[in-house]
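Open the model in your viewer and keep the sequence panel beside it. This tour says what to select at each stop and what is there.

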Amino acid sequence: MQGYFWETLEDYASNPAIITDDGTVYSYGDLCASADAFSGEHFGGIQYRPLVLLESDNSVPTIAAYLAALRAGFPVILLARGMLDEDP
């Protein structure tokens with residue numbers, strides 16, 4: 001049985017995953033490396049399973065952060081950019 005897509009990204013490491021408006025190509029390997037770096041910086045040492053609120057946009061760093069949370073086994077709620085800044 002195949003795992004979740006974020007668990008098998010390395011299988012497609014050399015394939016293009018994202019092509020930006022300026023033509024920059026990011027492979028699945030690039031995304032894995034960015035996600036793992038983000039995870040090490042932000043999720044390292046967490047001993048519980050937090051709910052991650054992620055303000056999102058269509059940027060490579062946001063996609064890497066989303067993948068980092070999924071790869072760490074954390075549930076993620078995607079929010080529009082700026083939602084956490086608004087008053088309730």
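Start with burial: a residue is buried under 20% relative accessible area, exposed over 50%, and partly exposed in between, with a 1.4 Å probe and protein chains only. Of the 88 residues of the chain, 27% count as buried. The model is predicted, so local features need pLDDT of at least 70 and side-chain atom pairs count only at pLDDT 80 or more, while totals for chains, interfaces and linings use all residues. Residues are numbered from 1 along each chain as its sequence is written, and side-chain values use heavy atoms, with hydrogens and water left out.

**Whole chain**

Show the C-alpha trace. Along its principal axes it spans about 45 × 35 × 25 Å. Now switch to cartoon. Helices (H or I, at least four residues) and strands (E, at least two) are DSSP runs, numbered from the N terminus. The chain has 2 helices and 4 strands. Their pattern along the sequence is β-β-α-β-α-β. Contact means heavy atoms within 4.5 Å. Of the contacts in the chain with a separation of 6 or more, 56% come from residues 24 or more positions apart.

Select residues 16-19 for strand S1 and 25-27 for strand S2. Two strands pair if DSSP finds at least two bridges between them. S1 and S2 pair in the antiparallel sense, over 3 bridges. Pick Ile19: its bridge partner in S2 is Val25.

**Helix H1**

Move on to residues 28-42, which make up helix H1. H1 has 15 residues and reaches 21 Å from its first C-alpha to its last, close to the 21 Å expected at 1.5 Å a residue. The expected span is 1.5 Å times one less than the number of residues.

Look at the start of H1. A side-chain oxygen of Ser27 reaches to within 3.3 Å of the backbone nitrogen of Gly29.

Which residues of H1 are buried? Select Leu31, Cys32 and Ala35. They cover an arc of only 100 degrees around the axis, so they lie on the same side of H1. The arc is that of the directions from the helix axis to the C-beta atoms. On the other side of H1, Gly40 and Glu41 are exposed. The buried residues of H1 pack against S1, S2 and helix H2 (60-71).

**Helix H2**

Select H2 next. Its 12 residues reach 16 Å from the first C-alpha to the last, close to the 16 Å expected at 1.5 Å a residue. Colour the buried residues of H2: Val60, Thr62, Ala64, Ala65, Leu67, Ala68, Ala69 and Leu70. They pack against S1, S2, H1, strand S3 (52-56) and strand S4 (76-80).

Zoom in on Val60, in H2. Val60 counts as buried because its relative accessible area is 13%. Leaving out residues up to four places away in sequence, Val60 touches Ile18, Thr20, Tyr26 and Leu31. Draw a distance from Val60 to Ile19. Their C-alpha atoms are separated by 9.7 Å, though the two are 41 residues apart along the chain.

Step to Thr62, also in H2. Thr62 is buried, at a relative accessible area of 8%. A polar contact is a pair of N or O atoms within 3.5 Å; within protein, one must be able to donate a hydrogen and the other to accept it, and residues adjacent in sequence count only if both atoms are side-chain atoms. Which side chains does the side chain of Thr62 meet in polar contacts? One is Asp57, at 2.8 Å. Another is Arg81, at 3.4 Å. Apart from neighbours within four places in sequence, Thr62 is in contact with Leu54, Glu55, Ser56, Asp57 and Arg81.

Just after H2, click Gly73. Gly73 takes a positive phi of about 85 degrees.

**Aromatic rings**

Finish with the rings. Rings of Phe, Tyr and Trp (its six-membered ring) pair if their centres lie within 6.5 Å; planes under 30 degrees apart count as stacked, over 60 as edge-to-face and the rest as tilted. The count comes to 5 aromatic pairs by this rule. Select Phe38 and Phe43, an edge-to-face pair with 5.7 Å centre to centre and 75 degrees between the planes. Phe38 is partly exposed, at 26% relative accessibility, whereas Phe43 is buried, at 12%. For the last stop, select Tyr4, Phe5 and Trp6, which form one aromatic cluster.
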